[in-house]
Amino acid sequence: MNVVFLAPAYPPEMQQYTRGLAEVGVNVFGVGDSAPGSLPPALKQHLADYLQVPRIMDEDDVIARVHAWLRGRRVDRVLANWEPLVILAARLRERFGLPGMSVNTVEGFRDKQLMKERVKAAGLRVPYAFKCLSEAQLREAAEQVGFPLIVKPISGAGSADTYKCDDQAELERAISAVRHVQVVSVEEFIAGEEFTFDTVSIDGTPVYENIAAYLPKPLVARSEEWISPVIITVRDMQQPRLQPGIELGRKVLKALGMGDGFTHMEWFLTPKGEAVFGEIGCRPGGACLVDQMNYTGDLDLFREWARVACWRRFEGPTARKYNTGIVFKRALGQGRITRITGLRDYMRRYGQWVVEDRLFRPGTQRRNWKQTLLSDGHLMVRHPNWEDAHRISFAAASDVTLYAGG
Ligand SMILES: Nc1ncnc2c1ncn2[C@@H]1O[C@H](COP(=O)(O)OP(=O)(O)O)[C@@H](O)[C@H]1O
Ligand SMILES: [Mg+2]
C-alpha cells in the first residue's frame, strides 16, 4: 500500500506517525516544506520517497506538485494529522478519487460555526452562539447572549484572542482586543470543568477512547503566566459523571460523519452534570497528549493510528492502567533558563512515578508561553490512583521552579 503523508517532519510528533505507518507495512510518501537534507535519519529511514514543496499551506500549489510527482504511481491513502493540513489531505483524496473523508465532511471538523451547527442539528448541546462579522453584530450578539459570555475567533487555536466577559466594561475591552480578528464568535459562557474526549475511530465508531482533564481550563492557563498548566488522562472512564461526555462524544462523531483516524474533542461538564460540546478536530491532540495516552495504557497509538488509517484494524490494548499527568512549566524571568529549584527534592520523593523530564535546562532560550502550551518544558508522571496522580502532578506545579534571566 502506498500512502501520502503530509508534513512528516513537522510538528515533531509527525515523525512518530511516519514511523507508525512504516511499521504497519506501507510505503510512506512524505510531502512537506522541510528540506530533504534537514530530515533526521530516524525519519528518513521510514520514507519511501519525499517531495519538498515551497509552501505546505498553499493548497493549490501543493496539489499541482503532488499530482505531477506521483504521475504513474498508485496511491491508496492521503493522510494528515496536523490541523492546518486536514483540508488539503481531503482535497488530494478527492482529486485522486481515494477513500477517506470528503472536503465537506472535514470542513465540519475545521469550521467552528459549521461544526456547532451540525452538532446542534443532531440534537446535541452546544453553547448558544453567534457568528459576527462586524462590531455592530458583535454588540447585538452580546445583548442576545447576556453575561457572562465568551468572545473568540471563529477559527482560533490555543485560546488566542479569546476573552471571557462578565460585564459591559469587559466586553468593551474584548471588543477593542479582537478588532484585528475578522470573524468572531460570541457565545454563552459554559461554567464547569473542561475535558477532552479523544478517539481513534473506524467509520466514526471509536476503537480507542480517552478522556483527559484540563487543570485549569485552557483559557485560564493561557491568561496567567504563573500557572503551570496540568492535564491528566483519566484512568477510570467508567465513572458515572463522565458518561454524559462519552455519550456526547460518540454522537458528535456520527453527527459529523467521522471516518477513520484520530479525533480530539473538548467538552464542558457543568455543575448540574450536563455535558456541553466545545470543539473537535479530526486529528490527534497536540502538546504530547498522544504520548500521555500511550503512557496511560502502555500502547503505541502512533502505530495503531496507522493500522486503522491504512488497514482499518486496531490491535492495541485498551485497558487503562494509569492516570498520566503532564505539567508544563514557565520560568520566572526572561531570556535563557539560568537554574531550576526543587527538582532534586521532587525526584527524590516522586521519581518512581516520573516517566518524562523534558524541562528546559540552564542555557536554553525560553519559549513564548502564549504561543505554545509546551512553554519551558514539562514533567510527565503517572500513577494508578487518581488522587495520587493529581497530587504528584500538582507538586510539580508548585514545588519545581525554573528561573530565567539575561
Ligand atoms: N462557550 C464557552 N464557555 C466557556 N469557556 C469557553 C467557551 N468557549 C471557549 N472557552 C474557553 O476558551 C478555550 C479556547 O476555546 P476553543 O473553542 O477551545 O478554541 P481554541 O482551542 O481553538 O482556541 C476553551 O478551552 C475554554 O477554556
Ligand atoms: Mg480548544
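# Exercises on domains, ligand shell and helix pairs

In this predicted model, the centres of domain 3 and domain 4, taken over C-alpha atoms, are 23 Å apart. Domain bounds come from an automatic or database domain assignment. Residues are numbered from 1 along each chain as its sequence is written, chains are lettered from A and ligands numbered from 1 in the order in which they are written. Local features need pLDDT of at least 70 and side-chain atom pairs count only at pLDDT 80 or more, while totals for chains, interfaces and linings use all residues.

**Exercise 1.** Describe the contact between domain 3 and domain 4.

*Solution.* 
- Step 1: locate the domains. The chain is divided into domain 1 (2-100), domain 2 (128-188), domain 3 (191-321) and domain 4 (323-406).
- Step 2: count the residues in contact (C-beta atoms, placed from the backbone, within 7 Å). Domain 3 gives 17 residues and domain 4 gives 23 residues.
- Step 3: find the elements on the side of domain 3. Both β11 (230-233) and α11 (289-297) supply at least two residues, and β11 has the largest share, four residues. Helices (H or I, at least four residues) and strands (E, at least two) are DSSP runs, numbered from the N terminus.

**Exercise 2.** State which residues and domains surround ligand 1.

*Solution.* 
- Step 1: collect the residues near the ligand (C-beta atom, placed from the backbone, within 6 Å of it). There are 20 residues, and the closest are P127, I190, K217, P218 and L219.
- Step 2: assign them to elements. At least two residues of the shell come from each of β6 (149-153), β8 (184-188), α9 (218-223) and β13 (275-281).
- Step 3: Domain 2 and domain 3 each contribute at least three residues to the shell.

**Exercise 3.** Determine how α5 is oriented to α6, and which residues make the contact.

*Solution.* 
- Step 1: take the axes, which are lines fitted to C-alpha atoms, for helices over the stretch in contact, with angles from 0 to 180 degrees between N-to-C directions. Those of α5 (residues 103-110) and α6 (residues 112-121) come within 6 Å and cross at roughly 100 degrees.
- Step 2: classify the angle. Under 35 degrees is roughly parallel, over 145 roughly antiparallel, 65 to 115 roughly perpendicular and the rest oblique. Therefore α5 is roughly perpendicular to α6.
- Step 3: list the contact. E107, G108 and F109 of α5 meet L114, M115 and R118 of α6.

Key: Contact = placed C-beta atoms within 7 Å.
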